[in-house]
Amino acid sequence: MSEENLYTFENEEYRRTYWHTCSHVLAQAVKRLYPEVKLAIGPSIETGFYYDFDAPFNFTQEHLDALEAEMRKICKEKLKLERFELPRAEAIKFMEEKEEPYKVELINDLPEDAIISFYKQGDFTDLCAGPHLDSTGRIKGNAIKLTQCCGAYWRGDSNRKMLQRIYAVAFPKKDELDEYLKQREEALKRDHNKLGRDLEYFTTVDIIGQGLPILLPKGARVVQLLQRWIEDEEQKRGYLLTKTPLMAKRELYKLSGHWDHYLDGMFILGDPYDETKECFALRPMTCPFQYQVFLNRQRSYRDLPMRLGETSTLFRNEDSGEMHGLIRVRQFTISEGHLVLRPDQLEEEFKGCLELAKYVLDTVGMLDKCTFRFSQWDPEDRAKYIGTPEQWAEAQGIMAKILDHLGIKYDIGIGEAAFYGPKLDIQYKNVYGKEDTLVTIQIDQLLAEQYDMSYIDENGQKVRPYIIHRTSLGCYERTLAYLIEEYAGALPTWMAPEQVRFLPVTDRAADYCAEAAKKLEAQGFRVEVDYRNEKIGKKIRDAQMEKIPYMVVVGDRDMENGTVSPRHRADGDLGAMSMDDFTALLRDVVDSKAKK
């Protein structure tokens, strides 16, 4: 990076340092205006920064406006940020005297040999590892915006106190903030959590629980269409369909290592620590189940590769603070698959998995916004993984060679690997810039040994296979969320839950519309007729608001001429045409999976 860009937002490290310093300015403003409030944590994040507070009142927009004004004052004061360290006992006493119990807890949880550092700016001091800017004067006070306040459990634990989290963003220039706010306004219009509910794709119900959305008929239809398409596409590519149980005894997960490495993320039925009684767990992934298909009988090298695919419902005990609409849920459905193969087949099969994922994402219109991450293990956190350093070095070396050979441009994510192997994550951002994994392809050299999986090679010897864990579209619920946001609710015709709506101008046209709709339905199209006694203008507006791809207006002239007058939600009036011509137009749009 050039010297001139070192201290700009093009430099991610500088951007995060800037936002981290802003979080301290926010905390200082809170303590100045409301000294009774207790401080928790305030990191920079991908889209700005936040700070968690324990306040005896609820922050309102009036509070946020006052805090913004105070933050501008602090920036104008050009306070120097000074770092200092304290021994553990002194650090605890320091924060106890300030009556900051959350900071005391954080210090107590630090390792014995940890360096306990603080940053001071004027009359404010915070526990922090840094780094920070050298002065609050570096921050443009009129380019700060407090965007949202919401609840957040202390340390993400639903058994702990609910705090208030203030989200914010800041930029070096006012016009950059203005552009961000404009983009945010557009994002709010596309936010699946609002738009998906307004269009009746999904809902959530308190009595059912957080992270357990209900797909309404529209959402359920879209997911069904995607599932059928994926299953058919995988069958064309040699996948064998499986259907495995939603739960299993703990012994299955102990073999794989999930019990030791993923227990907190699982829903347990029974006492996980009482070995005298049976204990079950809802499955967080499908791999241990699909391995049993391979293990059903002895396999030969001629049987490989064995490509196993399943539309799989999974359960993960996500933290309540992580729940978000359809993007982060506790029960979800995934296009999961496992390929059992010989070592010499690894690159070709990995390439096939990647080609399938790219084809699928391109078809639904999301590939152009995807990025790739090579997720590797963290050798400094050995307890998180199974296998030896040598095995990890070999697996990651093989994967790096494959990715480089395929010409994939990727970032590296240290510590992002699965506990049993490295992976290629295909990343996607929601309308607010929050990144999640959409599709993953993993190389696994370890679990075959855990489950004693082997095949007979050409020399008659038992050999351990390699395994590829992969998805082709990933989580259907998350994909639906992203599709709603990508198309602002106007899903392409081929996947729209309702493709055509007939709008009779008069009661006389209702029977004509019903007959025409029946003909289209017989050919597999999804059609409705608006029989309401409303003016045609209102019927058109309502269909437009519901994002229906094609509205077919039928009046007396259409009935006399045996025609229909379709309108497209984006292209407008398409003119009168025969039903045969309209059917052919629809068929071409749907079969080509056009993005309109």
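Helices here are DSSP runs of H or I with at least four residues, strands are runs of E with at least two, and both are numbered from the N terminus.

A word about what you are viewing: this is a predicted model, in which local features need pLDDT of at least 70 and side-chain atom pairs count only at pLDDT 80 or more, while totals for chains, interfaces and linings use all residues. Residues are numbered from 1 along each chain as its sequence is written, and side-chain values use heavy atoms, with hydrogens and water left out.

**Stop 1: the buried residues of H2.** Show the side chains of His-63, Leu-64, Leu-67, Glu-68, Glu-70, Met-71, Ile-74 and Cys-75, the buried residues of this helix. Buried means under 20% relative accessible area, exposed over 50%, and partly exposed in between (1.4 Å probe, protein chains only). What do they pack against?

Stop 2: Select Lys-78, which follows H2 and has a positive phi, near 50°. Now pick Glu-77 and Arg-32, which form a salt bridge with their closest N and O atoms 2.8 Å apart. The pair links distant parts of the chain, 45 residues apart: Glu-77 sits in the loop between H2 and strand E4 (81-85), and Arg-32 in helix H1. A salt bridge is a side-chain nitrogen of Lys or Arg within 4 Å of a carboxyl oxygen of Asp or Glu. Glu-77 is partly exposed at 37% relative accessible area, and Arg-32 is partly exposed at 27%.

**Stop 3: another salt bridge.** Move to Arg-155 and Asp-109, whose closest N and O atoms are 2.4 Å apart in a salt bridge. Arg-155 lies in the loop between E7 and E8, and Asp-109 in helix H4 (residues 101-109), 46 residues apart.

**Last stop: the whole chain.** Zoom out to see 18 helices and 30 strands. The C-alpha trace spans about 90 × 75 × 55 Å along its principal axes. Of the 596 residues, 52% count as buried. A search of the whole structure finds 47 salt bridges.
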